[in-house]
Each structure stands twice: as C-alpha cells, then as structure tokens.
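Trainee: I have a model open and want to learn how to read it. Can we go through it feature by feature?

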Amino acid sequence: MEFLRLHQQNIMLFLSGICFVLAILSFLTNTLNKRRRRALVILEFVASLLLIMDRFAYQYRGNVSTLGYWMVRISNFAVFFLSIAIIFHFNSFLIDLMINEGQLKKVPRRLRAVQILCVAGILMLIISQFTGLYYTFDEYNRYQRSPYYLLSYLFTLVCLLIQLDVIFENAHRISKTIAILLITFTLFPLLAAILQLFCYGLSLINITLVGETILLFMFVLTDMNKTVDKANNLKIEFLKEEQKTTQIMFEQTATALANAIDAKDEYTHGHSMRVAEYSHKIAVLADKDEKFCRDVYFAGLLHDV
C-alpha cells in the first residue's frame, strides 16, 4: 500500500494514457457492432478522463489560490461523476452483449434498473455539492469526508452487485473468457471499495475500474478475433466443399455427354452439334479457361469426321 501511496499519481497518468489510446483503437476497430463499439469507446475515454481528474484532485489539494479553489472542487465532482459514468456505459456494453451474443429476447429489467440507479446517483451527487452530504473542504482547501460519505458508495455498489448477478445468471450464454472478465469487472471494484474505506488517501476504486476497462478492451478484441477466424475457416471449408461438388457434377456431366456421343442415332450430325454446344456451355459454367472451352466445343463437331 505504501508503494501505491507514493506512486499512485504516476500510475494514474500511465493508465490514463493507455485508456486514451484504447479509446482511439476502439473507434477504429471494425470487429464490433456499432452499439458495442460506441459503448467501449466512451468507456475507455471516460476511464482516461477519470484518472486525469483524480490526479488533479491530489495535485491541487491544499492549494488556497483561486485556481486551486476551483480545481479541487471541479476535479472531486468529476471523479464521483465519472465513476458512475463508467458503471453506466459498462451497463450499456453488457446490455448489447446479452441481447446479441446471449440471444436474450429483451433487456433484463435489472439492467434497466442499473441505468435508473446511475441517474439517481448523479442527481444525489449534484445535491451533495450544495449540502455537503458526501464531502466538504476545510479552510486549507483540503477534501474531507462527511458523515454520510458512505452514501456516495451506495449507488455504485448496488449497481455492481446487480450487474454481477445478471452476469452469473447468463454466463452460459456468452464466451467463457468474456464471462470471467465481466465477473472480475464487477467483483474487483467491490473489493476495492471495501479496502478504500480503511485506506484513506488512496484511489483504489478508480484505479481498479480503469484497470478493468483496459482488460475489457483486450479480452473483447481477442475474443472477437477468434470469432472472425472461426467464421473465415468455416467459409474456406464451405468453398472447398462447393468446389469439390462442382468438380464431381462436371465429371458426371462430361461422362454422360461422352456416352450420348457414342450412342448416336440417325440424327448424328445434328445431335453432335447440340452436344458440342451443350459441352461448351457446361465448360464455361464450370469456370474452365478459354482454350478448354474451345477444345470441348470442337470435340463434338469433329466427332462425325
């Protein structure tokens, strides 16, 4: 813990930079559907901004200048707001995953409830800015927890617990790798929240949330690449099977034509002309080259010579 206390601002800056890059990569990727990609882009961008604002909160803590006064208040408000925003956009990602890959017919009501709770949490945060419900600032412009500080955890923790319950219930519907990641995304911040109650001055929840968003991008992209590779392999197998079937049909048709030529009757010449024309058409449909098509065509005509 002491190492984290000494270096957490550098860790924040490092993780924030990674999230910003991943937000750009998420925007550029074409392996995800539009809604899930949008949720992932916003999630990574919000995670990047969260740690930047958290870092500002530490940097300007105790700064009694006018700039320090406003930066401390803006940054602390942004930290609480963006933490809820991460939960909200993770919920959007989860909804799309359950509908498309999980093949649920409709959005689970519990995930709708999470969206409502996130909005309620933001409203309570706004109220707290005028009432000191969550935190206050002393004469040295330093952040101080209020007696009702635990209420600021309530909405986040309840949302995470609901999401965890939905993930457990539908884990069999999605990729095992993604299911494990989603469980850690909700479970680790819950554990971090408990630790942070006893480790004042550390941003365990925020760092954990951001770390999980980074893992989310990596695992989702890896899983999608596996899906694309699997689809490509199936397509290749289908094309090979189709080519094999076409070849067999061509060989059978050619044999039938040869037998018809050998069994020519009193209308041999006219029959040979028709056989030559049909042979040429079949050769073209079988995607044979031009020389082969000409050879097939004249083979029928020369049969009477």
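Mentor: Start with one side chain. Phe188 is partly exposed, with a relative accessible area of 40%. Buried means under 20% relative accessible area, exposed over 50%, and partly exposed in between, with a 1.4 Å probe and protein chains only. Two notes on the basis. This is a predicted model, where local features need pLDDT of at least 70 and side-chain atom pairs count only at pLDDT 80 or more, while totals for chains, interfaces and linings use all residues. Residues are numbered from 1 along each chain as its sequence is written, and side-chain values use heavy atoms, with hydrogens and water left out.

Trainee: Where does Phe188 sit, and which residues is Phe188 in contact with, leaving aside neighbours within four places in sequence?

Mentor: Phe188 is in helix H6. Helices (H or I, at least four residues) and strands (E, at least two) are DSSP runs, numbered from the N terminus. Contact means heavy atoms within 4.5 Å. Leaving aside neighbours within four places in sequence, Phe188 is in contact with Thr208 and Glu212. The C-alpha atoms of Phe188 and Ile205 are separated by 8.6 Å, with the two residues 17 apart along the chain.

Trainee: How do I read a nonpolar core, and how many residues has the largest one here?

Mentor: In soluble globular proteins, nonpolar side chains tend to be buried together. A nonpolar core is a set of buried Ala, Val, Leu, Ile, Met, Phe, Trp, Tyr and Cys residues joined through side-chain atoms within 4.5 Å. The largest here has 67 residues. Those with the most contacts inside this core include Ile86, Phe90 and Val210. Helices H1 (2–28), H2 (34–59), H3 (66–100), H4 (109–131), H5 (151–170), H6 (176–196) and H7 (204–262) each supply at least two of its residues. H3 gives the largest share, 14 residues. Now look at Val210: beyond four places in sequence, Val210 is in contact with Leu15, Cys19, Ala47, Leu50 and Leu51.

Trainee: What is buried or exposed about Ser16, and what does Ser16 touch?

Mentor: Ser16 lies in helix H1. Ser16 is buried, with a relative accessible area of 3%. Not counting residues up to four places away in sequence, Ser16 touches Ser48, Leu51 and Ile52.

Trainee: How many disulfides are there?

Mentor: A disulfide is a covalent bond between the sulfur atoms of two cysteines. The cut-off is a pair of cysteine sulfur atoms within 2.5 Å. The structure holds zero. Take Cys159: the closest cysteine sulfur, in Cys118, is 4.0 Å from its own, too far for a bond. Cys159 is buried, at 1% relative accessible area.

Trainee: How do I describe the packing of H3 and H4?

Mentor: Two packed helices are described by the angle between their axes and the distance between the axes. Axes are lines fitted to C-alpha atoms, for helices over the stretch in contact, and angles run from 0 to 180 degrees between N-to-C directions. H3 and H4 pack at about 170°, with axes 10 Å apart. They are therefore roughly antiparallel to each other (angles over 145 degrees count as such). The contact includes Phe77, Phe80 and Phe81 of H3, and Leu111, Val114 and Cys118 of H4.

Trainee: What about backbone angles: where is Gln103, and what is the phi of Gln103?

Mentor: Gln103 is in the loop between H3 and H4. Its phi is near 60°, a positive value in a residue other than glycine. Gln103 is exposed, with a relative accessible area of 62%.

Key: Angles under 35 degrees count as roughly parallel, over 145 as roughly antiparallel, 65 to 115 as roughly perpendicular and the rest as oblique.
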